[in-house]
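Open the model in your viewer and keep the selection tool at hand. The stops below say what to pick next and what is there.

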Amino acid sequence: MAGHSEVADKGPWARPAGLLPPVLAAALFVLFLGMVPEIADEQVLRWAWDWVPSLGIAITFLVDGLSLTFALLITGIGSLVFLYSSKYLQGHPHFARFMLFIVMFMLSMLGLVLADNLLTLFVFWELTTITSYLLIGFDHSTAKGRRSALQALLLTGTGGLALLAGFILIGNVAGTFELSEIRAQGGVLIESALYLPILILVLAGTFTKSAQFPLHFWLPNAMAAPTPVSAYLHSATMVKAGVYLMARMHPNLGGTDVWLWVLTIAGAVTAVFASIMALKQTDLKQSLAYTTLMALGTLTLFLAADVGYAITAVMTFLVVHSLYKAALFLVVGIIDHSTGTRHVNELGGLARAMPITAVAAGVAALSMAGLPPFIGFIGKEIKYAGALAVGSEPAFVAAAVLVSNALMLAVAGIVSFSPFWRRKHLAEPLNPHEAPWQMLAGPIILAALGALFGIYPELLARSLVNPGVAAILGPDVTPAALKLWAGFNLPLVLSLVTFALGWLFYYYRRGLRTWLIGLGERLPVFDNGWDNVLDGLKALAAWQTRLVQGGLLRRYLFITFATFLVAVAGTIWLKAGPMPALEWPVLQVQHWVVIAIVVAGALLTLTTSSRIAAIAGLGAVGIGVALIFIIFGAPDVAITQLLVETLVVVLFAVAALKLPQLDPDGTKRHRPLDAALAVSIGIGVTVVMLMVTDGPIDRRLTDYFEVTSWPEAFGRNIVNVILVDFRALDTFGEIAVVAIAALSAFALLKGRKA
Amino acid sequence: MNSIILLAGTRLLVALLLVFSVFMLLRGHNTPGGGFIGGLIGATGFVVYAIACGTEQARQALRVPPENVAMVGLGIGLFAGVMAAFFGDAFFVGQWLFIGATETEKGLPLSSVLVFDIGVYLVVLGSILTLTFALEEGAD
């Protein structure tokens with residue numbers, strides 16, 4: 001990356017791509033900022049458009065305290081990250097593409113947090129998955145980048161599928177997809193018999209998206225993305241989508257024992273596990289990735305509860321974390337950009353060359369470490385207060401929070417203190433230099449906001465935190481007050497313990513890291529497990545492909561028809577028993593003639609050794625079938641059958657020139673089996689037809705079309721009216737298949753020739 | 001294939017088949033016919049021509065590559081469906097226009113349904129010819 005800033009801009013889009021995105025994001029930020037007074041007044045803004053009215057799907061957007069907080073984080077941090085990227089990736093050959101992807105991501109994320117309709121939300125949810133795939137894999141020339149992107153896509157995509165199933169169940173239970181309407185129905189989901197499946201499916205979606213243990217491993221890998229992506233997607237926005245959804249579903253799904261314990265345990269394990277892993281890393285970016293996991297775990301942990309303190313902790317920590325984490329990621333990007341390394345042991349003494357970065361990093365890190373007077377301190381205090389108020393096991397929750405907070409303090413020191421202030425001669429002349437203002441703006445503004453909110457917590461509480469708590473818990477619950485000095489109480493004691501413990505962790509970090517790395521080698525690694533799962537899946541696919549698609553057309557046909565036979569015969573067996581009672585229809589002379597033609601054609605096809613004769617025999621069968629259609633009064637079908645039959649004969653005749661002789665090797669061993677299958681299918685289909693004609697025919701559809709064809713569709717030919725009017729969508733699908741099949745065959749034929 | 005009888009017959013047959021295919025397409029809404037059948041008949045015409053005079057000649061007679069015909073047909077079909085949106089209806093709701101309609105006479109009916117049928121016609125024609133031409137050229 002280091003050399004890029006010297007290279008001239010590439011492509012006609014490089015300049016607008018650098019300018020437009022920050023401006024767009026900033027404009028959106030101002031727009032949302034204008035909504036703050038109304039939201040602080042506990043109003044809710046809602047917009048709706050009908051999308052697919054026949055399915056009850058509408059595009060609806062809702063702004064309340066929760067969604068506005070996210071929207072401001074997305075657009076605010078977005079504008080800073082875009083500005084940063086315009087320098088960080090300047091001159092990159094795919095710079096414009098990068099900016100396009102990241103803006104698309106921002107808009108998808110905005111849609112996600114603002115959607116009121118579950119299906120709208122799902123569409124945006126999937127869009128964030130796809131755009132993040134493109135961004136993680138932006139450096140697609142490396143195998144690592146491709147693997148990480150695919151891993152994130154597959155994992156969060158699978159979670160997305162589970163989520164869709166959960167949403168559909170919710171829609172069935174509640175009778176609506178509108179979140180606000182579901183909420184108005186009170187505990188309709190909790191009381192439903194489907195509560196547990198819904199909960200499992202929704203949590204499967206949110207846990208994969210927000211990387212909860214044991215589905216966490218994709219997030220550290222996703223750091224293969226350029227640093228602005230990590231700062232934006234993997235700290236402040238996308239990974240918080242799962243947290244957002246849990247907060248959004250909290251009124252509808254929360255408050256039960258299952259919710260409480262699943263979220264508490266998953267959150268606590270993730271938080272502690274991630275903060276230990278963060279200490280183990282030597283790459284600054286990986287370290288930050290694991291602290292992000294820790295934050296996500298903590299947020300989940302507090303979302304388990306339904307007391308005002310805990311939810312206040314969620315809303316506060318959400319903002320706190322986004323501010324300092326985005327700032328620190330951007331700082332790591334600056335270090336990387338300036339020195340070419342992110343390895344903790346290779347860095348030190350950068351403060352002299354990069355004083356502004358050092359100060360911004362320090363301020364952000366102090367907030368992360370939870371020291372006064374920064375908002376991080378208040379966030380930590382409120383977390384302890386929340387932990388002591390939860391309904392599950394206050395001691396357990398408080399201990400988990402304590403351990404992770406102490407580790408966080410240590411990591412804050414590792415990431416932003418030691419690279420700048422530790423006395424160390426750099427291994428080689430790296431020539432560190434201060435970053436341009438575009439790259440400094442982000443860390444400075446975000447770190448300054450952390451300090452500002454710390455000194456004036458009312459600002460944050462009134463505008464975002466309190467409305468957010470009201471959006472989750474309802475307006476009756478009093479949110480906890482945010483104060484820098486809340487008196488000498490248990491949270492303060494816990495804070496002091498955290499400082500002491502955290503300092504110890506920092507002081508002994510090298511020993512701890514060595515010990516952890518040794519420990520890690522003896523524990524199973526999730527990432528390898530992922531590879532095993534994928535390899536297993538591929539092996540399974542290869543095995544079943546070899547089994548059913550051996551490359552021999554005859555084998556394909558045999559398997560296809562055998563499957564058909566099993567399905568048909570099995571259904572008959574289940575529905576009517578082994579010997580269904582059948583009534584043989586009375587046949588007239590013309591019927592017997594047709595039967596004779598068909599049978600003669602079939603016999604000719606079977607016995608001849610000349611391909612041309614076989615084709616003619618098949619043609620006779622086809623014409624016999626067309627005659628049947630004529631006898632029973634379906635002229636359209638008969639004409640089509642005749643024409644298709646004619647064309648098939650022509651095609652066969654042309655293709656026959658290139659085909660080998662029938663049975664070139666003279667073996668006929670497969671024939672008895674083929675004959676048995678063919679005869680069985682013939683009997684099976686005959687039985688089905690007889691059973692169908694035996695029973696009363698449901699004429700409702702026929703009557704409907706007969707009555708409505710003329711008055712509603714102005715046509716007398718019912719077959720055609722159905723094809724082009726009543727069922728036009730089906731026909732459209734069919735002609736699309738026809739066209740695609742023709743193109744594929746064309747490509748095969750032309751490709752083979754070349 | 002150099003058969004005088006075939007060549008002479010082809011001249012008449014092809015023209016007849018093509019005119020007949022359009023006839024079948026247009027009458028389809030009230031009597032047997034329609035885009036699918038029309039397309040098949042039209043394709044038969046070109047196939048006969050290709051057999052008699054060679055694929056190269058048939059391609060020239062068609063003037064545009066058959067795969068383009070199929071794709072354009074697909075586009076027309078889609079357009080016929082989207083047309084409904086301009087009149088505030090759901091996808092693929094038929095839109096009708098009766099030219100010169102009076103109290104007693106309903107005039108000349110034109111509709112998005114006919115447009116859709118023309119799309120079907122072109123897809124069938126184009127797809128079959130794509131296949132046939134490619135096969136015949138491969139056989140040479």
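Start by selecting P373(A), in the loop between α16 (355–369) and α17 (375–389) of chain A. Helices here are DSSP runs of H or I with at least four residues, strands are E runs of at least two, and both are numbered from the N terminus.

Before moving on, some ground rules. This is a predicted model, in which local features need pLDDT of at least 70 and side-chain atom pairs count only at pLDDT 80 or more, while totals for chains, interfaces and linings use all residues. Residues are numbered from 1 along each chain as its sequence is written, chains are lettered from A and ligands numbered from 1 in the order in which they are written, and side-chain values use heavy atoms, with hydrogens and water left out.

Next, go to the loop between α9 (195–209) and α10 (218–221) of chain A, where P214(A) sits. A cis peptide bond joins F213(A) to P214(A), with omega about 5 degrees. Select A211(A) in the loop between α9 and α10 of chain A. Its phi is near 55 degrees, a positive value in a residue other than glycine.

Now show α3 (residues 65–88) and α21 (residues 457–473) of chain A. Their axes come within 6 Å and cross at roughly 135 degrees. Axes are lines fitted to C-alpha atoms, for helices over the stretch in contact, and angles run from 0 to 180 degrees between N-to-C directions. α3(A) and α21(A) are therefore oblique to each other (under 35 degrees is roughly parallel, over 145 roughly antiparallel, 65 to 115 roughly perpendicular, the rest oblique). Among the residues making the contact are L68(A) and L72(A) of α3(A), and L464(A) and I472(A) of α21(A). Contact means heavy atoms within 4.5 Å.

Finally, select the interface. Chain B gives 43 residues to the contact and chain A gives 39 residues. The area buried between chain B and chain A is about 3,700 Å², with 78% from carbon and sulfur atoms; buried area is the accessible area (1.4 Å probe) lost by two parts on being put together, summed over both. In chain B, pick H29(B), F116(B) and L135(B), which lose the most area to chain A.

Which side chains meet in a salt bridge? Those of E137(B) and K750(A), at 2.9 Å, N to O. The rule (a Lys or Arg side-chain nitrogen within 4 Å of an Asp or Glu carboxyl oxygen) finds 1 salt bridge across the interface of chain B and chain A.
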